[in-house]
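Have the sequence and the 3D view ready as you read.

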Amino acid sequence: MVRACCVPECSSGKNIPSHMFPKDAQRHKKWFEKLNMKPIENENEIKKLRICYKHFSDEDYSGSSSRRVLLHAAIPSLNIPHIVYMNVKHSEQHTNDEQQTLHNCIMQQESNRKVLAQHSMQLQKQEEILMEQQETIMRQQNDIENIKNTLAMSNPRHILGRITRKNLLSPTVKRLYSNIVEMKRDKRQLMKLVDKATVKSTTRKRNANSIDKAKFY
C-alpha cells in the first residue's frame, strides 16, 4: 500500500519516492524531533509512516542518480515545519482531553459563582443586622442625651414619671433612671443622718460646757 508523506504541511502525493522510519528507537526518535513531530511509541504505527525525499539533502543519499539509497545515518533536514505537530490519534486524544478540561473548568466556575452568590447574600443580611443595631444604639444615645439635658433643667422624679408614662424610654435607660433616683434617695437619707449626728454632737458639747461652768462657780 502506497502511503503519503507524514510530515505536516508537506504537499507531496503518494507516487513519489519515500522512506520508512528507522527501526532503531534512538534514530526514529531523532527523526521525530527534527520534523517537529511528537514521538510515537507504538512500533506498528511507526511502520505505517513514510517520509518523502523532499526532506533529505543530496548528501543523505548514495549511489547513482538513477538509483539512490538513503544512508543509514541520514536525518531529515529540509522543508521542516516550524510548528510542533502531533500524530493524528494523539491529536484527537489531546483535543478530547482539552475539551474535558475546559468542561471541568466551566463547571468549577459555575460552582464558584453559586458559592459566591450565597456568601454575598449572607454578607448582605449581616450588614442589614449591623445597621439595625447601629440605629438602635444611636436612638438609645439620643435618649440618654435628652434625659441628661432634661434632668439638668427640671425635677428628675417629675421628668422620669412623665417620660415613663409615655413609654418613651428603652429598658436600658429606664434602669439607668431607676438607679439615679435610688442614689438621690440614699443621698438624702445620708444627709439627714449626718444632720442628726451633728445636732447630737452640738447638744453634748453645750451640756458639757454647762457642767464645767457650774463646777467652776
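The chain averages a pLDDT of 77, and 77% of the residues score at least 70; pLDDT is the predictor's confidence in each residue, from 0 to 100. This is a predicted model, where local features need pLDDT of at least 70, side-chain atom pairs count only at pLDDT 80 or more, and totals for chains, interfaces and linings use all residues. Residues are numbered from 1 along each chain as its sequence is written, and side-chain values use heavy atoms, with hydrogens and water left out.

Confidence in the chain is highest in strand β2 and lowest in helix α4. Helices (H or I, at least four residues) and strands (E, at least two) are DSSP runs, numbered from the N terminus.

| Element | Residues | Mean pLDDT |
|---|---|---|
| strand β2 | 50–52 | 89 |
| helix α4 | 156–165 | 54 |

Over residues 88–92 the pLDDT is below 50, and this stretch has three contacts in the model beyond near neighbours in sequence. Contact means heavy atoms within 4.5 Å. Where pLDDT is low, the predicted coordinates should not be read in detail.

Now to I75, which lies in the loop between β4 (68–70) and α3 (88–153). Leaving aside residues up to four places away in sequence, I75 touches K30, W31, K34, F56 and D60. F32 is 43 residues from I75 in sequence, with 9.9 Å between their C-alpha atoms. I75 counts as partly exposed because its relative accessibility is 26%, between the cut-offs for buried (under 20%) and exposed (over 50%), with a 1.4 Å probe and protein chains only.

Helix α5 (residues 171–216) holds V194, which is partly exposed at a relative accessible area of 41%.
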